[in-house]
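Here is a guided walk through one structure. Keep the sequence and the 3D view side by side as you read.

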There are 2 protein chains.
Amino acid sequence: MKKLINSPEAVVTDALAGVAAAHPSLAVDVENKVITRAGAPRAGKVGLVSGGGSGHEPLHGGFVGYGMLDAACPGEVFTSPVPDQMLAATKAVNGGAGVLHIVKNYTGDVLNFQMAAELAEDEGIEVVAVVTNDDVAVQDSLYTAGRRGVGATVFVEKIAGALAEEGAGLDKVAAVAREVNERSRSFGVALTSCTIPAVGKPTFELAESEIEMGIGIHGEPGRSRVPLGSAHEITAAALDAIGADLPLSGDLLVMVNGMGGTPLLELYVVYNEVAKYLAGQGARIARNLVGNYITSLEMQGFSVTVCQLTDTLTRLWDAPVDTPALRWGR
Amino acid sequence: MKKLINSPEAVVTDALAGVAAAHPSLAVDVENKVITRAGAPRAGKVGLVSGGGSGHEPLHGGFVGYGMLDAACPGEVFTSPVPDQMLAATKAVNGGAGVLHIVKNYTGDVLNFQMAAELAEDEGIEVVAVVTNDDVAVQDSLYTAGRRGVGATVFVEKIAGALAEEGAGLDKVAAVAREVNERSRSFGVALTSCTIPAVGKPTFELAESEIEMGIGIHGEPGRSRVPLGSAHEITAAALDAIGADLPLSGDLLVMVNGMGGTPLLELYVVYNEVAKYLAGQGARIARNLVGNYITSLEMQGFSVTVCQLTDTLTRLWDAPVDTPALRWGR
């Protein structure tokens, strides 16, 4: 295992110390693994908390800041954070208007966020949870009952964060979060595996000419293993899978996301194929992201996430954001 | 070779078509491989042009936009662009105030930019070239006479771009570009090789427990091959090499750059080590970047670049920028 770490045990806390050193706009509790916006809580503002296993950076800590999340709690690599972390984050960002939990649909995350919400409510904090489940690849998986929550989480955090920044109440912020999730679908492809530091060997093996279609963000199996095709063929298969579940028409927000080890050059090759495919369907990519936003350590591959926009969602997407990983308009 | 491409021959033009589709703020001539800011040239503004082999994305095309480059010309992967591309870019951004060429010190790039400058001058366009050569690892290499130009190029493009945006003349913009280069040093480390699409096999081989200290951005050899150490040890060796050449004191701009295949989690582990090392020297990291800015395809590893700031350089660094890969304050 070749990694830039000091020890498998220290990788998350060392990285959090790095985040703290790099971003003075964040307050990082390294020991308890909670990242909050400096100056939290904000009186009267709905607080947004997300979290999940580490190894998906910049998700979620890189999305803490103005117009997006108020706090993130990272677990160990590919391991849910514990309810105590989530509770600490919830209390830290409660400005009296309630707190939204944005939870990717993995069994551990869902259960732990439920427990944290109950603990927070015992302390008089109103909590609503929205669970993302946008991955069309498989119905159940090693980590999940139902669909997995993947790239749509980035869209939910951005758009719900913008509405909360405008001063909307908890019900409305939760409603837009649910709406974004319902309007979004994703599909992922792996060219290589990744290695969890504490495990020390690749999560799975792929032959030299083989790729995994429908990969999960922890390397959990997808739909099928197929021979490596062209970017055109792979992208078409991914969008066919999405299109079977969501009409690919109208104005779309599209993310071509790198899994962590994919050159940006290749992500733009894929984006070009996505743009051509969607144009062929009569859809319009109104907004886009191309880059590493929800990763799986050093895995090579990509995922594509599509969201059907409305005028309101577009306006909230365009609203100013100022986080380590997304920044515009401010 | 596992890559998300359609063919090795088409990878650069396919990616450029993707850049064109993703970024309406850019005008992309896919056939001639020139990326310019939409609306170029700007009358009275010094134009900034850079370029070099592809495979280092987001450098340079991702840095075209307000407050940074006016144009970029990408060559084939790890291959210099040709003088005709550079000339086309120069003419496209000449607003009558002259054009600055920002050139990484690789023999092909330097010669081709020289030829392009002569051709542009034949057409009455004043051109000044600034060559970056910040890599302390080796004096000469496979691609270079003298020091290689690497991460400082990002700093030069940002800071000279800000001064040009303010309306400064060509001499002043060139002077600040030279100053940034002179005040900057870099050192790179590879954990793995990368594969040039047209070659189809890794550029070099490293044993499972071996890393290359002082790697170049094309995979050209560095100083030594050593056993994989801890992030603490590797970072200290990189900063020792820089510190032997540049006093590590005062206010510094520091970039911890991923080579393309390194998880962001690990880059933050490295950044934490960099911050501790520099604090131990009594220096202050006044500004920083952590992420993929000048890459080598899917290579795993990192580079660290340090620039001694002045008040003026800090002000120009903080000035608004609006490009695909760097965006703030606007």
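With which residue does Arg148(A) form a salt bridge? The partner is Glu220(A), and the closest N and O atoms are 3.9 Å apart. A salt bridge here is a side-chain nitrogen of Lys or Arg within 4 Å of a carboxyl oxygen of Asp or Glu. Arg148(A) lies in the loop between strand 6 (127-132) and helix 4 of chain A, and Glu220(A) in the loop between strand 8 (210-213) and strand 9 (224-227) of chain A, so the pair ties together parts that are 72 residues apart in sequence. Arg148(A) counts as buried, at 0% relative accessibility. Glu220(A) is buried too, with a relative accessible area of 1%. Buried means under 20% relative accessible area, exposed over 50%, and partly exposed in between (1.4 Å probe, protein chains only). Helices (H or I, at least four residues) and strands (E, at least two) are DSSP runs, numbered from the N terminus.

A word on the source. This is a predicted model, in which local features need pLDDT of at least 70 and side-chain atom pairs count only at pLDDT 80 or more, while totals for chains, interfaces and linings use all residues. Residues are numbered from 1 along each chain as its sequence is written, chains are lettered from A and ligands numbered from 1 in the order in which they are written, and side-chain values use heavy atoms, with hydrogens and water left out.

Now step back to chain A as a whole. Chain A has eight helices and 14 strands. Its C-alpha trace spans about 55 × 50 × 35 Å along the principal axes. A compact globule of 330 residues would have a radius of gyration near 20 Å; chain A has 19 Å, which agrees. That radius is taken over C-alpha atoms, and the globule rule is 2.2 Å times the number of residues to the power 0.38. Of the 330 residues in chain A, 65% are buried.

Return to the salt bridges. The whole structure holds 38 of them over all chains. One joins the side chains of Arg37(A) and Glu165(A), at 3.2 Å from N to O. Arg37(A) lies in strand 2 (residues 34-37) of chain A and Glu165(A) in helix 4 (residues 152-165) of chain A, so this pair ties together parts that are 128 residues apart in sequence. Arg37(A) counts as buried, at 5% relative accessibility. Arg37(A) and Glu165(A) also belong to a network of salt bridges with Lys45(A) and Asp70(A).

Asp245(B) forms a salt bridge with Arg185(B), and the closest N and O atoms are 2.5 Å apart. This pair links distant parts of the chain, 60 residues apart: Asp245(B) sits in the loop between helix 6 (231-243) and strand 10 (251-258) of chain B, and Arg185(B) in strand 7 (residues 184-190) of chain B. Asp245(B) is partly exposed, with a relative accessible area of 32%. Arg185(B) counts as buried, at 13% relative accessibility.

Next, the surface of chain A. Which residues gather there in a patch of negative charge? They are Glu118(A), Glu121(A), Asp122(A), Glu126(A) and Asp171(A). Patches are made of residues with over 30% relative accessible area and no salt bridge, with like charges joined within 9 Å. Helix 3 (residues 107-122) of chain A gives the largest share of the negative patch, three residues. Asp122(A) lies in helix 3 of chain A. Asp122(A) counts as exposed, at 67% relative accessibility.

Finally, look at the backbone. Most residues other than glycine have a negative phi, and most peptide bonds are trans. Lys33(A) has a positive phi, near 60°. Lys33(A) is found in the loop between strand 1 (26-29) and strand 2 of chain A, and counts as buried at 15% relative accessibility. In chain B, phi of Lys33(B) is near 60°. The peptide bond from Ala40(B) to Pro41(B) is cis, with omega near -5°. Pro41(B) lies in the loop between strand 2 (34-37) and strand 3 (47-54) of chain B. The bond from Glu57(B) to Pro58(B) is cis as well, with omega near 10°. Pro58(B) lies in the loop between strand 3 and strand 4 (71-77) of chain B.

Key. Patches are made of residues with over 30% relative accessible area and no salt bridge: like charges are joined within 9 Å, nonpolar side chains (Val, Leu, Ile, Met, Phe, Trp, Tyr) within 5 Å. Accessible areas come from the Shrake-Rupley method with a 1.4 Å probe; for residues, only the protein chains shown count as cover. Lys and Arg count as positive and Asp and Glu as negative; His and the chain ends are not counted. The place of a charge is taken as NZ of Lys, CZ of Arg, CG of Asp or CD of Glu.
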